[in-house]
Amino acid sequence: MNKDYQLGLLYLAHLLISADGIIDEKEEAALMRIKTKETISDAVFREFSNNVNSLKEKEIYQQGIESLNKCTDAEKLNAFVHLYKMSEVDGTVHVKEVRLLLYSVKLASIEFNDVVEKAKAIHY
């Protein structure tokens with residue numbers, strides 16, 4: 001699997017789950033499901049964890065977008081479907097999560113409606 005895809009997804013997922021100021025255990029579990037589903041190695045996950053602990057929020061965001069913009073449109077769409085589904089996992093969608101998703105989708109040149117349509121078909 002593409003390391004840029006994996007890191008971009010992880011960085012933006014981290015920002016999404018921490019957007020409301022509370023990292024819920026359901027959100028952490030969803031992050032681990034993504035790690036498994038996308039076959040993200042322990043080494044890549046450690047790299048992500050180390051970077052997240054040493055970078056500011058803006059830098060994490062920039063890394064995430066830069067990484068995803070190196071990916072194919074299909075990979076970008078898949079990443080945003082994960083993020084969209086993840087925004088719902090704790091039972092509430094915070095306004096900061098919505099802003100993050102909408103702004104990120106725009107920067108990645110992906111149609112939000114495509115994300116929503118593909119997400120409808122997936123059980124998380």
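Colleague: Which exposed residues are carried by the face of H7 turned away from its buried side?

Modeller: Asn 113 and Lys 120 are the exposed residues on that face of H7. Exposed is over 50% relative accessible area, buried is under 20%, and partly exposed is in between, with a 1.4 Å probe and protein chains only. Before we go on: this is a predicted model, where local features need pLDDT of at least 70 and side-chain atom pairs count only at pLDDT 80 or more, while totals for chains, interfaces and linings use all residues. Residues are numbered from 1 along each chain as its sequence is written, and side-chain values use heavy atoms, with hydrogens and water left out.

Colleague: OK, and which residues of H7 are buried?

Modeller: Val 115, Val 116 and Ala 119, in a helix that runs over residues 112–120. They sit on the same side of H7 because they cover an arc of only 95° around the axis. That arc is taken from the directions from the helix axis to the C-beta atoms. Helices here are DSSP runs (H or I, at least four residues), numbered from the N terminus, and strands would be E runs of at least two.

Colleague: What do the buried residues of H7 pack against?

Modeller: Helix H5, residues 73–88. Contact means heavy atoms within 4.5 Å.

Colleague: Switching to H3. How many residues does it have, and how far does it reach?

Modeller: H3 has 13 residues, 42–54, and reaches 18 Å from first C-alpha to last, close to the 18 Å expected at 1.5 Å a residue. The expected span is 1.5 Å times one less than the number of residues.

Colleague: Which of its residues are buried?

Modeller: Val 44, Phe 45, Phe 48 and Val 52 are buried in H3. Seen down the axis, they fall within an arc of 100°, so they line one face of the helix. Turned away from that buried side, the other face carries the exposed residues Arg 46, Asn 50, Asn 53 and Ser 54.

Colleague: And which helices do the buried residues of H3 pack against?

Modeller: H1 (3–18), H2 (25–37) and H4 (57–68).

Colleague: Rings next. How many aromatic pairs does a search of the whole structure find?

Modeller: Four. Rings of Phe, Tyr and Trp (its six-membered ring) pair if their centres lie within 6.5 Å; planes under 30 degrees apart count as stacked, over 60 as edge-to-face and the rest as tilted. One of the pairs is Tyr 11 with Phe 48: the centres are 5.9 Å apart and the planes at 55°, so the pair is tilted. Tyr 11 is in helix H1 and Phe 48 in helix H3, 37 residues apart, so to speak a link between distant parts of the chain. Both Tyr 11 and Phe 48 are buried. Another pair is Tyr 84 and Phe 112, with centres 6.0 Å apart and planes at 70°, so that one is edge-to-face. Tyr 84 lies in H5 and Phe 112 in H7, so this pair ties together parts that are 28 residues apart in sequence.

Colleague: Which residues do ring pairs link into a cluster?

Modeller: Tyr 11, Phe 45 and Phe 48. Phe 45 also has the charged end of Lys 35 sitting over its ring, 5.7 Å from the centre. The cut-offs there are NZ of Lys or CZ of Arg within 6 Å of the ring centre and within 35 degrees of the ring normal.

Colleague: What does Lys 35 meet in a salt bridge?

Modeller: Asp 42, at 2.7 Å, N to O. A salt bridge is a side-chain nitrogen of Lys or Arg within 4 Å of a carboxyl oxygen of Asp or Glu. Lys 35 counts as buried at 16% relative accessibility.

Colleague: How many salt bridges does the search find?

Modeller: Four in the whole structure. Among them is Lys 3 with Glu 47, 2.8 Å from N to O. That pair links distant parts of the chain, with Lys 3 in H1 and Glu 47 in H3, 44 residues apart. Lys 3 is partly exposed at 40% relative accessible area, and Glu 47 is partly exposed at 29%.

Colleague: And how far apart are the closest N and O atoms of Asp 73 and Lys 76?

Modeller: 3.8 Å, and that pair forms a salt bridge. Both lie in helix H5, three residues apart, about one turn of the helix. Asp 73 counts as exposed at 52% relative accessibility, whereas Lys 76 is buried at 7%.
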